[in-house]
Amino acid sequence: MIKENEIEWLDYEFQAASRGYKSICGVDEAGRGPLAGPVYAAAVILPRGHIISGVNDSKKLTAKKREELFDVIKAEAVSYSIASASEKEVDELNILQATYLAMMRAVDGLDVPADFAMFDGNRIPPVDVDSIYIVKGDSKSMSIAAASILAKVSRDRYMLEMAEKYPQYQFEKHKGYGTKLHYEMLDKYGPCEIHRQSFLKTWYDKK
């Protein structure tokens, strides 16, 4: 049973359903800002009227809570898909277009095709499905919030793998973001294969 304080999480899903859409997905990304690694995106279709307790904008949750919810979301979703665009694609396309690419791949990867997509942010990628964007959607839509968690956890796990491959950068501490520590490691070791060259222009200019 949906609690009164949870109903607003489903406003956009109910609005889409009232217009006749039956397969409504929320889409969000993770990792637009880091200096290294791919940008990730996820798409999630939840059962109609479904609330997953504890789900919220991934940035408002602890890493432990996100990890706990990751498997719950996958288990309770009608369909979900996680995709990425590599750091090389970020450099070739620019971060906006690479983010669009990851989002499009996530929507296309759904086992149950979506007939309506809700994107977090203020723009809609060129997907072949009826869509809307929702500013701060990860704090307004249950489906988008669930997607934000899948994308964030997936990217963090990838960066932990990269921390083992490239231990000198200490990716486990900053996940590739431009922290003081990360820049110190760049100064000491220079960039590696997973660094986004297009994001290092300022750093190169200082060398």
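Begin by selecting Arg-196 and Phe-199: Arg-196 lies over the face of Phe-199, at 5.0 Å from the ring centre. A charge sits over a ring if NZ of Lys or CZ of Arg is within 6 Å of the ring centre and within 35 degrees of the ring normal. Now select Arg-157 and Phe-70, where the charged end of Arg-157 is placed over the ring of Phe-70, 4.3 Å from its centre.

Before going on, note that residues are numbered from 1 along each chain as its sequence is written, and that side-chain values use heavy atoms, with hydrogens and water left out. This is a predicted model, in which local features need pLDDT of at least 70 and side-chain atom pairs count only at pLDDT 80 or more, while totals for chains, interfaces and linings use all residues.

**Aromatic rings**

How many aromatic pairs does a search of the whole structure find? The search finds 6 aromatic pairs, where rings of Phe, Tyr and Trp (its six-membered ring) pair if their centres lie within 6.5 Å, with planes under 30 degrees apart counted as stacked, over 60 as edge-to-face and the rest as tilted. Select Tyr-40 and Tyr-158, whose ring centres are 6.3 Å apart and whose planes stand at 50 degrees, so the pair is tilted. This pair links distant parts of the chain, because Tyr-40 is in strand S2 (residues 39–45) and Tyr-158 is in helix H5 (residues 142–165), 118 residues apart. Helices (H or I, at least four residues) and strands (E, at least two) are DSSP runs, numbered from the N terminus.

Next select Tyr-169 and Tyr-189, an edge-to-face pair with 6.2 Å from centre to centre and 70 degrees between the planes. Tyr-169 is buried, at 2% relative accessibility, whereas Tyr-189 is partly exposed, at 41%; buried means under 20% relative accessible area, exposed over 50% and partly exposed in between (1.4 Å probe, protein chains only).

**Strand S2**

Select S2, in which 7 of the 7 residues are buried, so the strand is largely enclosed by the rest of the structure. In a regular strand the side chains alternate between the two faces of the sheet. Here Val-39, Ala-41, Ala-43 and Ile-45 point one way, and Tyr-40, Ala-42 and Val-44 the other way. S1 and S2 run antiparallel and are joined by 6 bridges, while 7 bridges join S2 to strand S3 (residues 79–85), again antiparallel; two strands pair if DSSP finds at least two bridges between them.

**Nonpolar cores**

A nonpolar core is a set of buried Ala, Val, Leu, Ile, Met, Phe, Trp, Tyr and Cys residues joined through side-chain atoms within 4.5 Å. The largest one has 23 residues, and Val-44, Ile-52, Val-55, Leu-69, Ile-73, Met-142 and Ile-149 touch the most other members. Which element gives the largest share of this core? That share, 8 residues, comes from H5. Apart from this core lies another, of 21 residues, among them Cys-25, Val-27, Ala-106 and Val-127.

**Helix H1**

Finally, select helix H1 (residues 11–18), where Glu-13, Ala-16 and Ala-17 are buried. Looking down the axis of H1, you will find its buried residues within an arc of 100 degrees (taken from the directions from the helix axis to the C-beta atoms), so they line one face of the helix.
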